Amino acid sequence: MQDMRLKLHIWRQAGPEAQGALRTYEVTANEHMSFLEMLDVLNQDLIEKGEEPVAFEHDCREGICGTCNMVIDGRPHGPQKGTTACQLHMRAFKDGDEIHVEPWRATAFPIIKDLVVDRAPFDRIIASGGFVSVNTGAAQDANEIPVPKADADDAFSYAACIGCGACVAACKNASAMLFTAAKFAHLEKLPQGRVESERRALAMVEQHDAEGFGACTNQYECEAVCPKEISVTSIAMLNKAYRSAVLKTRETV
Amino acid sequence: MSRFQRLLASSIGAKVGMAVTGILLSFFVIGHLMGNLLVYQGRQAVNDYAAFLKGLGPWLWVVRAGLLSVFVLHIVLAIQLKRRNRAARTVGYAKDHVNVATVASRYMVLTGMCVLAFVLLHLAHFTLGWIDPATHAVTEKVIQGGVEIERHDVYQMVVAGFRQPVYVVIYVVAMVLLGTHLFHGLQSLFQTLGVRHPGYTPTIVRVCRLVAVALSAGYISIPVGVLLGLTGAEGAS
Ligand code: HEM
Ligand code: FES
């Protein structure tokens, strides 16, 4: 097992209002480590030296919670397609590499500390319409509402969104359209969700805009970096649904 | 707030506005090229067409007013979107990386502004005759219904204009930039309007890009063709 000596340029920022800067560190890792484990090694070094460890979010470390967010050499979650930072292995790098590690950059995602940003705007977008209203009581039979296989597959592919925000980080406009559209399309593809389609499209898009995210310019950087490879077809669906919702709604505008 | 205002105030709706005005402007770009290509048929074809347009009288002004409002709306929405997008990221990355975005898609505002500058210059050049009054002020005498009339010799103006290499260079550069704008814009508007399907989207993208390149090449051929003496047979003058 070969040791890798790396030079890291990491964004350090003590708090939301503090002035941040890139700081340079050296770390010895090996190719079997995940990117986060490599940062753990660095943090252990820092702790032993009595310095403040680098703050980064992580939870599952298996690519499903969407918290391990960092821009690695200009790419959210790093160079490997369809992979979160926690699932990225150091074999994607080589001995002697210099690596830049920066937080998501978006006005709507203020930095809390170092690489940790506040993604509460995503929660508010979900709360505005990313749900179905169903009565409580005895659960109905699972097969009572038929769903075509292709629709179920599509819905599933959109439901795979882990809400990490890589789409926002990659977009030059810091647009959250891929996130918003994935959440919308997931429900739109299912009969239980379609009932509230119009209200959902209006609420989610307008919440997205109110949070200060940018507009989509159809460059598809989001799709390229999405660790779940969510398709921008969802954005086309939302574009159409929102447009017709505004023009057709009987809600007072 | 009317529905229309609500739509245009949103990020998606503003893009819909860009797409719809973009389509209308593109129709103009296509139509204008069709007219311009008459230069290959020579003096009479061009001047007849010019006279026909002038003969539309008030209708010409209706079309011009429509075109102007579409153009202004396209620009106003571009500014609105650009301001939103700029505010959405005020701090950039120390190390940036582009994955799939095309060059054309990254310079829409720049190419758009160049097109605007070109349109103003073009109007001042051939429509108003402010830039090169000598080549603008040419007329020809033709017999119409048995009487001799004098009319604007548009053909002569274009040919004399493009015998001067400086105008050829300006027009060629401007049309490359228009083509670049449309290279992204034409295929992009389908996504904006919600037309996307794994089966036919790749074809839409390819055809749109081909149309953008063809339009650009068509326009470029005119100044270059004049300079090389390839235009209508009567162009020898
Ligand atoms: C002959 C003139 C023009 C034509 C035919 C044209 C056409 C188009 C088309 C078809 C689109 C695509 C809309 C979409 O993405 O859905 C577009 C977008 C755009 N245009 Fe133009 N345009 C013209 C002039 C201008 C001018 C003068 C500006 C001035 C700044 C401009 C700025 C933009 C911008 C910023 C976008 C949006 C890019 C994006 O969000 O992806 N355009 N245009
Ligand atoms: S830590 Fe959960 S996705 Fe990476």
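The legends below describe close-up views of a predicted model.

In this predicted model, local features need pLDDT of at least 70 and side-chain atom pairs count only at pLDDT 80 or more, while totals for chains, interfaces and linings use all residues. Residues are numbered from 1 along each chain as its sequence is written, chains are lettered from A and ligands numbered from 1 in the order in which they are written, and side-chain values use heavy atoms, with hydrogens and water left out.

**View 1. The iron site of ligand 1 in chain B.** The NE2 atoms of B:His74 and B:His181 coordinate the iron atom of ligand 1 at 2.1 Å; donors are N, O and S atoms within 2.8 Å of the metal (3.2 Å for Na, K and Ca), and since water is not among the atoms, sites may look incomplete. The six donor atoms around this iron subtend angles of 85 to 179 degrees, so the arrangement is octahedral (six donors, with opposite donors over 155 degrees apart and all others between 65 and 115). B:His74 belongs to helix H4 (residues 58-88) of chain B and B:His181 to helix H9 (residues 165-192) of chain B, so the pair ties together parts that are 107 residues apart in sequence; helices (H or I, at least four residues) and strands (E, at least two) are DSSP runs, numbered from the N terminus. B:His74 is buried at 15% relative accessibility, and B:His181 is buried with a relative accessible area of 15%, where buried means under 20% relative accessible area, exposed over 50% and partly exposed in between (1.4 Å probe, protein chains only).

**View 2. A stacked phenylalanine pair in chain A.** The structure holds 10 aromatic pairs over all chains, counted where rings of Phe, Tyr and Trp (its six-membered ring) have centres within 6.5 Å, with planes under 30 degrees apart taken as stacked, over 60 as edge-to-face and the rest as tilted. One of them is the stacked pair of A:Phe122 and A:Phe179, at 3.6 Å centre to centre and 0 degrees between the planes. Because A:Phe122 lies in helix H2 (residues 120-129) of chain A and A:Phe179 in helix H5 (residues 177-188) of chain A, the pair ties together parts that are 57 residues apart in sequence. A:Phe122 is buried at 3% relative accessibility, and A:Phe179 is buried with a relative accessible area of 3%. Ring pairs link A:Phe109, A:Phe122, A:Phe179 and A:Phe213 into a cluster.

**View 3. Charged ends over aromatic rings.** A:Arg105 lies over the face of A:Trp11, at 4.2 Å from the ring centre, and the charged end of B:Arg196 sits over the ring of A:Tyr220, 5.0 Å from its centre. The criterion requires NZ of Lys or CZ of Arg within 6 Å of the ring centre and within 35 degrees of the ring normal.

View 4. Strand E1 (residues 139-144) of chain B runs antiparallel to strand E2 (residues 147-152) of chain B, and six bridges join them; two strands pair if DSSP finds at least two bridges between them. B:Lys141 stands opposite B:Glu150 in E2(B). E1(B) and E2(B) form a hairpin with two residues between them, and B:Gly145 in the turn has a positive phi of about 55 degrees.

**View 5. Cysteines of chain A.** The structure holds zero disulfides over all chains, a disulfide being a pair of cysteine sulfur atoms within 2.5 Å. A:Cys161 is in no disulfide, and the nearest cysteine sulfur, that of A:Cys226, is 6.5 Å away. A:Cys161 is buried at 14% relative accessibility.

Definitions and conventions: Four donors count as tetrahedral if all angles lie between 85 and 135 degrees; four count as square planar and six as octahedral if opposite donors are over 155 degrees apart and all others between 65 and 115; anything else is irregular.
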